[in-house]
Amino acid sequence: MATMYGDTRGNRYDNSQPESVVVLGATGSIGVNTLDIIARHHERYRIFALTGYSQIERLKQQCLVFKPVYAVVGQEQEAKLLRAALQDQGSKTQVLFGPQALIDVCEAPAVSTVVAAIVGAAGLLPTMAAVKQGKKVLLANKESLVMAGSLFMQAVQKHKAKLLPVDSEHNAIFQCLPEHFESLDDAGISRILLTGSGGPFRLHDHAALQSITPAQACAHPNWDMGKKISVDSATMMNKGLEFIEACWLFGARSEQIEIVVHPQSIVHSMVEYNDGSVLCQMGMPDMRTPIANCLSWPRRIESGVERLDFTRLAHLEFHAPDFERFPCLQLAIEAINCGGTAPAIVNAANEVAVAAFLDNKIRFLDIARVVAEVVSVQSSSEPTCIDEVIAADSEARERSSHFIASIH
Ligand code: NDP
Ligand code: MG
């Protein structure tokens with residue numbers, strides 16, 4: 001039976017042959033964690049393609065271990081380097097490059113499962129390609145859903161893709177929801193409680209936030225992640241993007257989602273039912289748990305994650321978020337309420353602003369300024385095709401760059 005996120009029921013584990021997997025963004029934090037799980041269960045998974053962008057040495061090592069049919073990198077120059085290095089080692093992996101190659105490996109008929117773990121808008125087209133081929137898609141790349149939510153979810157339904165949320169909060173919610181439901185209301189769900197650590201600057205005042213450096217913003221207290229999502233966690237834009245992600249994944253209206261700051265990152269999110277019951281999913285803050293959950297769903301496999309020791313958990317705190325000190329949160333929620341291409345614009349402006357911050361061109365608090373400046377507050381109709389989303393993304397990037405140049 002179909003659920004909000006496609007035909008996950010049809011995805012009963014077939015032990016007879018290994019799943020053929022593409023890992024988009026294999027060289028990143030999620031990619032490395034995914035390969036850690038796959039290495040523990042090599043009899044269940046076979047790697048069809050691994051993709052990276054610039055980290056050629058890491059991708060080479062991964063290719064030598066997992067022996068994919070294809071490896072994909074960003075540019076021709078890197079492809080030449082990787083090809084030569086692999087040939088030297090007697091590897092038969094073929095090396096491709098560029099955005100079309102990412103789409104091609106996702107569309108290959110031999111592939112059953114695509115792990116979407118490229119960071120940012122670059123993940124949109126290959127992830128959509130996998131969805132349109134009805135693959136099992138493990139979604140880490142939240143930006144693609146933020147950018148193109150309605151088109152993405154329509155494609156999941158139309159092409160009977162199996163969409164499984166890797167993002168730890170959404171994976172937690174997924175685990176706390178009934179297996180089948182048509183809508184949250186029908187399922188008797190009153191609220192989704194989306195938890196977040198509050199990031200490394202949860203207790204900083206406005207003045208202290210002004211002088212945050214990229215190195216400080218990238219050092220998250222609980223999670224070890226890529227730079228972009230680490231900065232997003234520090235501004236709390238990550239929670240804003242996750243709010244939008246949850247709206248699309250679970251068919252939730254804004255007022256059905258409440259953000260709860262939980263600094264220990266032990267509860268990964270909760271679902272409240274009409275009878276007052278609240279279900280939560282708990283575990284150590286280690287992405288291998290949600291990745292393993294998605295890879296093996298509906299079964300459970302060993303993930304290598306340390307077990308929770310309740311006798312050593314001092315106490316768990318829960319607070320309301322501070323929208324004033326973390327304006328990105330409000331900007332993202334306003335964007336999903338506004339609809340149309342507003343979330344894509346917020347996402348694009350944020351990506352450009354985060355890159356400028358990491359490049360020391362703007363200050364930490366300027367990230368929210370850039371997004372606020374660029375986002376359109378006028379409501380617009382939902383985009384009817386991906387090209388409209390991409391056009392909104394490009395225009396927002398251009399406006400963001402201009403604004404950054406003006407304040408730099
Ligand atoms: P990383 O920065 O660690 O990795 C990003 C991956 O994308 C790398 O493999 C990188 O290649 C590749 N990449 C970068 N730019 C491009 C491009 N233009 N085209 C193709 N590939 C590209 O990010 P994370 O692993 O932390 O995050 C990946 C996604 O998962 C993000 O959307 C993030 O929001 C989401 N996510 C991450 C979590 C985490 O714990 N890390 C938790 C929940 C969600 P290379 O490194 O070779 O240049
Ligand atoms: Mg998350």
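This is a predicted model: local features need pLDDT of at least 70, side-chain atom pairs count only at pLDDT 80 or more; totals for chains, interfaces and linings use all residues.
Residues are numbered from 1 along each chain as its sequence is written, chains are lettered from A and ligands numbered from 1 in the order in which they are written, and side-chain values use heavy atoms, with hydrogens and water left out.

**View 1. Helix α2 against helix α3.** Helix α2 spans residues 56–66 and helix α3 residues 76–88. Helices are DSSP runs (H or I, at least four residues), numbered from the N terminus. The two axes come within 10 Å and cross at roughly 40°. Axes are lines fitted to C-alpha atoms over the stretch in contact, with angles from 0 to 180 degrees between N-to-C directions. α2 passes α3 in a right-handed crossing (the near helix is turned clockwise from the far one by less than a right angle). From α2, Ile56, Leu59, Lys60, Cys63 and Leu64 meet Glu78, Leu82, Ala85 and Leu86 of α3. Contact means heavy atoms within 4.5 Å. By class, this contact has seven nonpolar, no polar and two charged residues (Ala, Val, Leu, Ile, Met, Phe, Trp, Tyr, Cys and Pro are nonpolar; Asp, Glu, Lys and Arg are charged; the others, Gly among them, are polar).

**View 2. Helix α6 against helix α16.** The axes of α6 (residues 142–158) and α16 (residues 386–407) come within 10 Å and cross at roughly 170°. α6 is therefore roughly antiparallel to α16. Met147, Ala148 and Leu151 in α6 meet Ile386, Val389 and Asp393 in α16. Five nonpolar, no polar and one charged residues make up the contact.

**View 3. The magnesium ion (ligand 2).** Asp167 (OD), Glu169 (OE) and Glu242 (OE) coordinate the ion at 2.0 to 2.2 Å. Donors are N, O and S atoms within 2.8 Å of the metal (3.2 Å for Na, K and Ca); water is not among the atoms, so sites may look incomplete. Along the chain, the donor spacing is D-x1-E-x72-E. Glu169 lies in helix α7 (residues 168–176) and Glu242 in helix α11 (residues 237–250), so the pair ties together parts 73 residues apart in sequence. Both Glu169 and Glu242 are buried.

View 4. His170 sits in helix α7. At 0% relative accessibility, His170 counts as buried (under 20% relative accessible area; exposed is over 50%, partly exposed in between; 1.4 Å probe, protein chains only). Leaving out residues up to four places away in sequence, His170 touches Pro165, Leu194, Glu242, Glu245, Ala246, Leu249 and Phe250.

How values were computed: Helices (H or I, at least four residues) and strands (E, at least two) are DSSP runs, numbered from the N terminus. Angles under 35 degrees count as roughly parallel, over 145 as roughly antiparallel, 65 to 115 as roughly perpendicular and the rest as oblique.
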